Amino acid sequence: MHISRCTVGIGLLQAIRAAHAQTAIASTTETPAPTTATVTVVDVPTATATTGAYFPPVGSIEPDYSAEGLDELWNVIGSVEAPPFTTTVTPTASVALPSPPPPLYPAFFAPEPKDILPQYKFPAGFKYGVATAAYQVEGAVKDEGKGPTMWDWASRQPGGVADNTTGDIVDLNYYLYKMDTARVAALGLNTHSFSVSWSRILPYGAADSPVNQEGVDHYSDVIDTHLEYGVEPVVTLFHWDTPLALQAYYGGFTSPKIVDDFINYAKAVFSAYNGRVKTWYTFNEPRVFCEQIASYPFNVTYAAGVNTSTAPFHCAYYLLKAHAGAVKAFRAMNISGEIALKNDDFVGTPWRANNTDDAEAVERHAAFQIGIFSDPLYTTGDWPQIMKDTLPEEYLPRFTDEEKADLLGSADFYAIDSYRSWFVSAPDNGVAACVSNTSDPNWPQCNLNMVYDAQAGWAAGVLSDPGTDWLGATPDGARELFNELNRRWPSPKIYVSEFGFSEPFENERTQLYEIKQDVARTNYYMTYLGEILQSIHEDGVPIAGIFAWAMIDNAEWGSGISTKFGIQHVNYTTLERTYKRSAIALSDFWAAHQS
Ligand code: NOJ
């Protein structure tokens with residue numbers, strides 16, 4: 001049922017006068033030439049200052065599950081900024097949506113949200129919501145018994161984050177979740193996909209280490225609050241915030257030891273929230289995560305025998321085993337609901353028509369970017385053949401028959417973070433020459449993302465903020481992407497588990513009326529949602545939910561708070577939230593298209 005513009009909510013922010021301000025510095029990344037996801041082939045000693053980052057040599061901190069042991073872990077981080085308040089804020093007044101913004105364009109030029117494909121409705125039970133992740137919104141990183149994470153560390157390394165944003169406070173959703181949930185409900189949206197922080201549940205991460213009851217109770221109340229407001233909680237177990245303890249003890253996801261520790265953590269979360277959460281993800285964007293740990297500043301923290309070239313693939317191997325083990329436990333424990341992991345990226349379109357090398361490059365792109373975590377779950381139980389043909393076993397560990405059996409079928413649905421879809425081309429020297437030369441700068445992927453067409457060099461999409469050179473609005477490619485996913489990795493149900501847009505130069509806007517006028521983001525959502533409706537109704541693709549990234553502005557990893565994805569603005573002095581135009585458009589679209 002639609003609950004739009006109702007009187008749930010709050011009015012508390014006037015009470016919050018945080019003596020806290022974060023400096024926002026626009027980052028200056030250049031618009032990319034052809035890009036590739038190729039991993040840098042450079043070996044970095046385990047703990048050096050060659051890049052400016054420092055991490056204690058892996059294994060040099062012994063597991064010690066005492067208060068002193070936790071202090072020792074926090075000492076790796078250094079000092080942490082305390083939040084301006086440390087109690088959960090209870091909304092005291094209702095959330096009033098602003099009066100509607102004036103139409104953006106004359107009707108002859110572009111329809112209003114309600115007039116876009118009015119003949120099409122979302123199917124019954126459709127999840128129409130927003131998404132966030134613990135590190136990016138919670139703040140309060142050292143409160144209520146939490147252990148440090150690798151992002152608490154990475155954000156403090158020189159150059160680790162463009163504007164030096166840490167997760168210490170950001171949106172302080174840890175204490176403001178009641179208000180944030182009320183504001184989602186007031187828009188009429190019915191779902192929020194968020195992540196649980198492993199090191200809040202298990203501060204030392206490990207299977208034989210103690211559970212932090214305060215952390216368990218916190219998320220329990222977060223979940224109950226969502227249910228009270230009629231906003232379904234969708235939970236991700238891991239959104240890139242590896243417990244620092246596990247990195248220090250044995251090298252995190254570059255070690256086989258991570259598998260049992262993750263399964264133990266998953267079981268703790270399943271049993272704590274069983275029955276109240278119906279849709280679960282084990283891992284968020286594992287492909288991006290495993291490439292992240294191969295790059296600065298994470299490239300100083302590997303298990304023995306792993307280097308920057310092999311780290312992404314060893315990570316993929318252990319992560320998939322951890323996923324399969326967690327799903328096995330989920331089913332053995334009879335946890336209610338459905339589970340999968342969140343893929344990301346796109347299949348791609350050949351850059352030059354009728355070019356066989358570009359067609360092959362698309363296949364390589366599909367294999368390395370999506371197939372790597374999809375073939376094992378949905379089609380073969382194994383890596384894509386292209387990857388096995390390219391990567392020797394020292395890079396890509398091979399699955400045993402038993403592992404393959406555990407992996408195949410270990411997902412109840414398909415989830416894709418489908419932000420954009422680019423052209424893909426062969427490298428200049430051709431696919432074959434690249435594949436046969438391990439020193440080629442484009443090896444092992446041997447394909448390039450092209451953001452402009454091959455004919456006249458027109459941009460393939462609407463440009464995003466310069467801080468996100470990987471992103472453009474490419475709604476024209478959306479249906480093809482969903483069709484390809486449906487064809488290649490069939491599943492009864494697809495969630496668009498994240499999509500969203502960084503408004504160009506939003507960080508340079510100082511007045512609220514400018515910030516609220518997020519026209520590029522609004523157009524992104526309206527065009528994508530129209531394409532999604534057509535996918536469902538004209539192509540028969542079983543899309544069952546969409547999740548707008550993000551519920552609020554947040555810490556965008558290496559770009560910090562300078563690059564904005566929120567449908568709500570956050571004032572980083574007062575922590576006040578303000579709906580942008582895109583939030584209202586999303587609300588209007590849902591009001592007009594829900595069945
Ligand atoms: C996907 C990631 O899951 C999320 O953490 C990130 O902020 C968005 N992409 C935008 O880059």
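**Entry 1, the second largest cavity.** I began with helix H9, which gives the most to the lining of the second largest cavity, with 4 residues. A word on the source: this is a predicted model, where local features need pLDDT of at least 70, side-chain atom pairs count only at pLDDT 80 or more, and totals for chains, interfaces and linings use all residues. Residues are numbered from 1 along each chain as its sequence is written, and side-chain values use heavy atoms, with hydrogens and water left out.

My labels come from DSSP runs numbered from the N terminus: helices are H or I with at least four residues, strands are E with at least two. Grid points are joined across faces, edges and corners, and a volume is the space filled by probe spheres set on the points.

The volume of this second largest cavity came to about 80 Å³. I listed Pro-286, Arg-287, Cys-290, Glu-291, Pro-312, Phe-313, Phe-368, Ile-372, Phe-373 and Gln-445 as its lining. At least two lining residues each come from H9 (286–292), H10 (311–332) and H11 (356–379). I sorted the lining into 7 nonpolar, 1 polar and 2 charged residues, counting Ala, Val, Leu, Ile, Met, Phe, Trp, Tyr, Cys and Pro as nonpolar, Asp, Glu, Lys and Arg as charged, and the others, Gly among them, as polar.

Which residues make the contact? I found Phe-313, Ala-316, Leu-319, Leu-320 and His-323 on H10, with Phe-368, Ile-372, Phe-373, Pro-376 and Leu-377 on H11, contact being heavy atoms within 4.5 Å. The contact divides into 9 nonpolar, 1 polar and no charged residues.

I counted 5 cavities of 30 Å³ or more. The largest cavity holds about 110 Å³, and of its 17 lining residues, Thr-132, Asn-173, His-192, Phe-194 and Val-222 are the closest to the centre. Its lining splits into 8 nonpolar, 7 polar and 2 charged residues.

I traced a closed barrel of 8 strands, E1-E2-E3-E4-E5-E7-E12-E13, with parallel pairing; two strands pair if DSSP finds at least two bridges between them. From one strand to the next the twist averages 25 degrees. E4 (279–284) and E5 (338–344) pair over 4 bridges, and Asn-284 stands opposite Lys-342 in E5. Helix H8 (258–273) lies across E3 (232–238), E4 and E5, at about 165 degrees to E3.

Last, I checked the second largest pocket, with about 410 Å³ of space. Of its 21 lining residues, Pro-111, Glu-112, Pro-113, Ile-116 and Met-526 are the closest to the centre. Its lining holds 13 nonpolar, 3 polar and 5 charged residues.

Conventions
Axes fitted to C-alpha atoms, helices over the stretch in contact; angles between N-to-C directions. 1 Å grid on protein atoms, 1.4 Å probe; cavity = no way out; pocket = protein on both sides within 12 Å on 5 of 7 lines; lining within 4 Å.
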